[in-house]
Amino acid sequence: MTDSTRRTFLTAGALTAASYNRVLGANDRIGVGFLGFGLIGKQHVFDFKKFDDVDLIGMCDTYQPRLEQGLQYMGNPRAKGYSDFRRMYEDKDIQAVVVATPDHWHALHTIMACAAGKDVYVEKPMTLFIDEGKWMVQAARKFNRIVTVGTQRRHGRGVHEARKVIESGTLGKVHSVRLASYRNIHPGFGRSAPGDPPPGLDYDLWLGPAPKRPYQAHRAIYHFRWFWDYSGGQMTNLGAHLIDQVMWIMNVKGPSVVHSTGGRFALEDDGETPDLQDALFVFPGFTLTFSIREANALRGDPAARGQAYLGTKGSLILSGGYEVLPEMKIDPVNDIPPFQGHPAGGPVRSDTKPEPWIAPSKGGVASDARYGTGGEDTMAMNERDWLDCIRTRKRPFCEVEDGHRVAVACNLANMSLRLGRSIRWDPEKETVIGDREAAALCVRPYRAPWDAVLRSLVKV
Ligand SMILES: NC(=O)c1ccc[n+]([C@@H]2O[C@H](COP(=O)([O-])OP(=O)(O)OC[C@H]3O[C@@H](n4cnc5c(N)ncnc54)[C@H](O)[C@@H]3O)[C@@H](O)[C@H]2O)c1
């Protein structure tokens, strides 16, 4: 972007932002544009076609074959295609955009859309590094925009019922939560050699703010997820969904300590992010452990998937639907191994019979544990909530600030993994405590000209 094009964009954006600060009438249709027609971008188009109060009028992708497919898939002859999102943002008929581009673009696409007066649905993980989330919240507030993040699983009925069960105190004191996401994709996705980008891909615009690197197929379509320049691996990819549910159910702002270890141990491909990672998060009043395996699904063990909330009186297992498993009330002395009995002065066993602390129960809607799909369409719920909030100007259920906080937790885990030590975090001040090297990892440089664009729109 040259200085003059940036000025043009910004001037147009400022005017547009002002003109959209109005409440839509009940009969007004919402003009929506889509950024990124990939795995999830296509799903969004599929979903939005079913809403009868929107017009699908813009499609943007840096890869021409996908742009053409996307336009065709939208099925609206009046829709326009854009290979450069800045041109799409200039279209004042587009009031709202769905950002389904790779993670390294989420922040800037959102901030620039807010500045151009568009409301935004941005995919998870919301950010690549911590400060991006602060900038996105700042932009949403400064330009008065409705920004939703794509952590749709939070809408699940099981999630809402689980929160009520935990709030009611039924499980006693919930002191720990255990998350696991195991699968087996051994030996991995193979290797891709550096070479020329495929015809029709604007690789420089695909890279955007990320560092310049020679093109390699795995560094682009879909597989960008396994490279640090563009993503945080499964910790942010799946963690964004799972940790979001935990943080919402347990009603917490953020962890105070995070420790993580792992690495690329088993897969024989060119990915960089861990194929095995364990993380421990200390939240107020409870700990969270999150275990990721890419080369063993621990078949037969339900604990390899889903979430477990462990209380003093029972556990709640959540995997779409939920189940409450009672703990047994026992006399603690009866839990001491009997062997030949204690000699004089030792604890004395009692005749108290074990009995369950609470009654078992079940609820929610059964669905696939890892993808949270099957029983209910949480993505459509999230999309609908966003559209409703565009009309009412109320904050959506998966709001930008929520997405930021969850991304902070995930990003702290990756920072700990890469530094090889625990990180202490102040969730109120949103700062790393007592570790300059870790604090420096909260921000990464954007490649020119995107660094200047960013600085012109938000306080960095
Ligand atoms: N909410 C969910 O359940 C869910 C599921 C899958 C993926 N996602 C998220 O969606 C995002 C995209 O993932 P994907 O699997 O669809 O990736 P993908 O690679 O299949 O698609 C991304 C598309 O964005 C395009 N693109 C890249 N830079 C662009 C730019 N500057 N302007 C316009 N288009 C650009 C690419 O050409 C590509 O077609 C990721 O952040 C991922 O985490 C969310």
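**Exercise 1. Locate Pro 187 in this predicted model and state which kind of peptide bond joins His 186 and Pro 187.**

Solution. Begin with the position: Pro 187 belongs to the loop that runs between strand 7 (174-182) and helix 8. For context, most peptide bonds are trans. A further cis peptide bond links Lys 124 to Pro 125, where omega is about -15°. Pro 125 is placed in the loop between strand 5 (119-122) and helix 6 (130-142).

**Exercise 2. Determine which residues come nearest to the ligand and which helix gives the most to the shell.**

Solution. The ligand has 29 residues around it, of which Gly 36, Gly 38, Leu 39, Ile 40 and Glu 123 come nearest. Turning to helices, at least two shell residues come from each of helix 2 (39-48), helix 5 (103-115) and helix 8 (203-207). Helix 2 gives the most, with three residues. Sorted by class, the shell comprises 15 nonpolar, nine polar and five charged residues.

**Exercise 3. Describe how the axes of helix 2 and helix 11 cross and identify the residues that make the contact.**

Solution. The axis of helix 2 comes within 10 Å of the axis of helix 11 (residues 378-392), and the two cross at roughly 70°. Angles of 65 to 115 degrees count as roughly perpendicular; helix 2 and helix 11 are therefore roughly perpendicular to each other. Their crossing is right-handed. On the helix 2 side, the contact is made by Gln 43, Asp 47 and Phe 48; helix 11 contributes Met 379, Ala 380 and Glu 383. By class, this contact has three nonpolar, one polar and two charged residues.

**Exercise 4. Is helix 5 mostly covered or uncovered, and what is the phi of Gly 117?**

Solution. Count the buried residues: 13 of the 13 residues of helix 5 are buried, and the helix is mostly covered. After helix 5 comes Gly 117, with a positive phi near 85°.

**Exercise 5. Are Tyr 222 and Leu 298 buried, partly exposed or exposed?**

Solution. Tyr 222 lies in the loop between helix 8 and helix 9 (233-237). Its phi is positive, near 60°, although the residue is not glycine. Tyr 222 has 12 other C-beta atoms within 10 Å, so it is exposed. Leu 298 sits in the loop between strand 10 (286-293) and strand 11 (307-311). Leu 298, also not a glycine, has a positive phi of about 45°. Because Leu 298 has 15 C-beta neighbours inside 10 Å, it counts as partly exposed.

Key:
Residues are numbered from 1 along each chain as its sequence is written. This is a predicted model: local features need pLDDT of at least 70, side-chain atom pairs count only at pLDDT 80 or more; totals for chains, interfaces and linings use all residues. A residue is near a molecule or strand if its C-beta atom, placed from the backbone, lies within 6 Å of it. Helices (H or I, at least four residues) and strands (E, at least two) are DSSP runs, numbered from the N terminus. Ala, Val, Leu, Ile, Met, Phe, Trp, Tyr, Cys and Pro count as nonpolar, Asp, Glu, Lys and Arg as charged, and the others, Gly among them, as polar. Axes are lines fitted to C-alpha atoms, for helices over the stretch in contact, and angles run from 0 to 180 degrees between N-to-C directions. Angles under 35 degrees count as roughly parallel, over 145 as roughly antiparallel, 65 to 115 as roughly perpendicular and the rest as oblique. A crossing is left-handed if the near helix is turned anticlockwise from the far one by less than a right angle, and right-handed if clockwise. Two residues are in contact if their C-beta atoms, placed from the backbone, lie within 7 Å. A residue is buried if 20 or more other C-beta atoms lie within 10 Å of its own, exposed if 12 or fewer, and partly exposed in between; C-beta atoms are placed from the backbone.
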